[in-house]
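Subject: Structure handover

Hello,

Here is the structure I promised to pass on. Please open it first, then read the notes below.

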There are 2 protein chains.
Amino acid sequence: MGRTLTYPKRDANTVNRNTPATYDLNAIHSIINSSQVLHVSFSPGPPDPFPAILPMIGQMGSFDYPSAGLDEPLDCYLHGYVSSRIMNLARKSEGDGLPVCIAASRVDGLILSLTPNSHSYNYRSAILHGYATQVTDEAEKLWAMKLITNSVLADRWDHTRVPPDNAEMSSTVILKVKVVDGSGKIRDGSVSDERKDKSNDDVTNRVWTGVVPVYEAFGDPVPSPENKVAKVPEYITSFIADMNERNRDYAVTAVNAGLPAEEQH
Amino acid sequence: MGRTLTYPKRDANTVNRNTPATYDLNAIHSIINSSQVLHVSFSPGPPDPFPAILPMIGQMGSFDYPSAGLDEPLDCYLHGYVSSRIMNLARKSEGDGLPVCIAASRVDGLILSLTPNSHSYNYRSAILHGYATQVTDEAEKLWAMKLITNSVLADRWDHTRVPPDNAEMSSTVILKVKVVDGSGKIRDGSVSDERKDKSNDDVTNRVWTGVVPVYEAFGDPVPSPENKVAKVPEYITSFIADMNERNRDYAVTAVNAGLPAEEQH
């Protein structure tokens with residue numbers, strides 16, 4: 001079966017709830033990489049008492065070992081603008097870099113059970129803790145920009161005007177987060193109710209229980225007023241078709257997790 | 001036209017990018033309330049150097065003035081479990097409460113432009129800063145639990161076994177966040193490219209530009225193996241139909257924002 005790499009459990013990332021937790025690199029990195037938006041938190045520090053959260057685009061990857069799989073140690077590359085506060089803090093940070101927390105969450109279904117307290121979502125969520133520094137090596141920066149662009153739409157980079165010119169390179173900042181630990185939670189399956197409610201006919205005869213699958217859908221591409229390419233290219237239409245099928249399949253399949261075959265939908 | 005309430009601009013919430021920023025209460029509260037998941041950040045403090053992020057379910061509301069509109073000052077109510085770390089920190093916090101940042105982000109479209117640097121998303125994002133305390137008043141707690149349950153699926157609360165019993169009330173914690181400031185960003189419209197690329201026929205004849213609408217879709221409800229209600233109730237089917245239409249419409253309409261009528265799709 002081979003090895004399975006897991007993140008170390010520390011106070012900061014140990015999940016203390018009864019939702020199934022995972023420390024598996026492959027599971028955590030997959031959730032991060034399939035999320036369109038990452039929420040990145042950092043502490044601006046005094047006098048500001050509040051942590052900050054920025055929505056950012058990012059991907060896991062290894063510049064030194066580009067062929068590394070999702071089950072191997074990877075860095076998290078984040079895309080940003082040169083003037084943003086997180087970039088200034090990362091530049092000024094001493095030592096290992098700016099301590100950040102990165103979170104990704106996807107809702108896969110509404111769990112509608114007998115009581116409000118047993119309501120839930122099917123979902124996948126992951127967090128990473130690590131130290132963010134600015135990427136200064138031009139080759140690594142260009143590599144990360146391509147990685148991130150292609151995560152938005154597969155193969156898009158080579159179908160645009162590249163490489164970026166000097167002005168574009170200097171207005172873009174890539175942060176590299178050296179990951180210290182991480183954890184994930186995956187909830188799938190159907191409803192879960194308590195015996196006291198399941199055995200109460202007054203309740204079960206009245207309350208519909210089940211799951212409403214939820215998934216991200218991509219609509220028909222809308223050309224810009226200035227677009228001159230008559231036909232939507234195949235790499236775009238097939239990306240949309242693939243994602244729509246994959247997202248919907250995941251949400252519907254998740255409902256059946258743990259059910260005997262004859263009860264699956 | 002009447003008043004428009006806005007959050008005060010402070011260092012912590014001032015948006016310093018060229019994306020259109022809003023401090024309008026109605027816009028910010030609408031983004032928070034229409035998001036299935038909120039990302040809530042807090043600082044565990046030494047020796048942990050990292051901020052923490054929890055995905056949580058929450059809603060804006062006013063217990064004292066339940067009829068308050070989204071354009072009026074509201075608190076943010078968050079649902080959690082009694083044993084979670086944020087609840088322990090909120091209980092132990094002195095003074096105003098635990099300083100938190102709450103973020104919500106929705107992707108509405110992929111902006112595919114001529115160069116990777118001008119790629120973007122159509123999106124709506126909002127952040128709030130505030131102080132979290134545990135709700136101890138039972139009436140306010142029950143009110144918030146209903147508010148949050150009905151935000152997952154409209155009108156669900158009254159169609160389940162309610163009220164929660166004592167054990168359910170004590171295992172649930174509701175945090176109330178007194179909001180100090182907030183801000184939002186809304187990006188809509190089509191692609192935006194630079195003149196140097198738009199005037200380059202080699203580029204414009206080769207690169208398809210436009211927007212791929214993105215929206216959250218709800219699938220057909222899947223009854224649980226133990227469900228005894230034969231027909232999916234109308235309040236569920238109409239919620240699904242309404243949400244699917246509203247989400248798709250928003251994403252498609254957002255593309256046309258700012259375009260002259262004859263160029264709209």
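B:R124 is buried, with a relative accessible area of 12%. Buried means under 20% relative accessible area, exposed means over 50%, and partly exposed lies in between (1.4 Å probe, protein chains only). B:R124 forms a salt bridge with B:D108; the closest N and O atoms are 2.7 Å apart. (A salt bridge here is a side-chain nitrogen of Lys or Arg within 4 Å of a carboxyl oxygen of Asp or Glu.) The pair links distant parts of the chain, 16 residues apart. B:R124 sits in strand β6 (residues 120-134) of chain B, and B:D108 in strand β5 (residues 98-112) of chain B. B:D108 is buried too, at a relative accessible area of 3%.

A word on the ground rules. This is a predicted model, in which local features need pLDDT of at least 70, side-chain atom pairs count only at pLDDT 80 or more, and totals for chains, interfaces and linings use all residues. Residues are numbered from 1 along each chain as its sequence is written, chains are lettered from A and ligands numbered from 1 in the order in which they are written, and side-chain values use heavy atoms, with hydrogens and water left out.

Now the confidence. The model scores ipTM 0.94 and pTM 0.94. Chain A averages a pLDDT of 92, and 94% of its residues score at least 70. (pLDDT is the predictor's confidence in each residue, from 0 to 100.) In chain A, confidence is lowest in helix α2 (residues 85-92), at a mean of 88. It is highest in strand β8 (residues 210-218) of chain A, at 98.

Next, the outline of chain A. The chain has seven helices and nine strands. Both are DSSP runs numbered from the N terminus: helices are H or I with at least four residues, strands are E with at least two. The C-alpha atoms of chain A fill a box of roughly 70 × 55 × 45 Å along the principal axes. Of the 265 residues of chain A, 53% count as buried.

Back to the salt bridges. How many does a search of the whole structure find over all chains? The search finds 25.

Some cross between chains. The side chains of B:E226 and A:K198 meet in a salt bridge (3.7 Å, N to O). B:E226 lies in the loop between β9 (222-223) and α7 (234-256) of chain B and A:K198 in helix α5 (residues 195-198) of chain A, so this pair joins two chains. A:K198 is partly exposed, at a relative accessible area of 34%.

The side chains of B:K198 and A:E226 also meet in a salt bridge (3.7 Å, N to O). This pair crosses between chains as well, from helix α5 (residues 195-198) of chain B to the loop between β9 (222-223) and α7 of chain A. B:K198 is partly exposed, at 35% relative accessibility.

There is also a network of salt bridges, which links A:R161, A:D165, A:E168, B:E194, B:K196 and B:D197.

Then the backbone. Most residues other than glycine have a negative phi, and most peptide bonds are trans. Which peptide bonds are cis? One of them runs from A:V162 to A:P163, with omega near -5 degrees. A:P163 lies in the loop between α3 (138-152) and α4 (166-171) of chain A. Another runs from B:P46 to B:P47, with omega near 5 degrees. B:P47 is found in the loop between β2 (38-42) and β3 (52-61) of chain B.

Phi of A:D155 is near 75 degrees, a positive value in a residue other than glycine. A:D155 lies in the loop between α3 and α4 of chain A, and is partly exposed at 39%. B:D155 has a positive phi of about 75 degrees, although it is not a glycine. B:D155 is in the loop between α3 (138-152) and α4 (166-171) of chain B.

Last, a spot in chain B. B:K92 lies in helix α2 (residues 85-92) of chain B and counts as exposed, at 62% relative accessibility.

Best wishes
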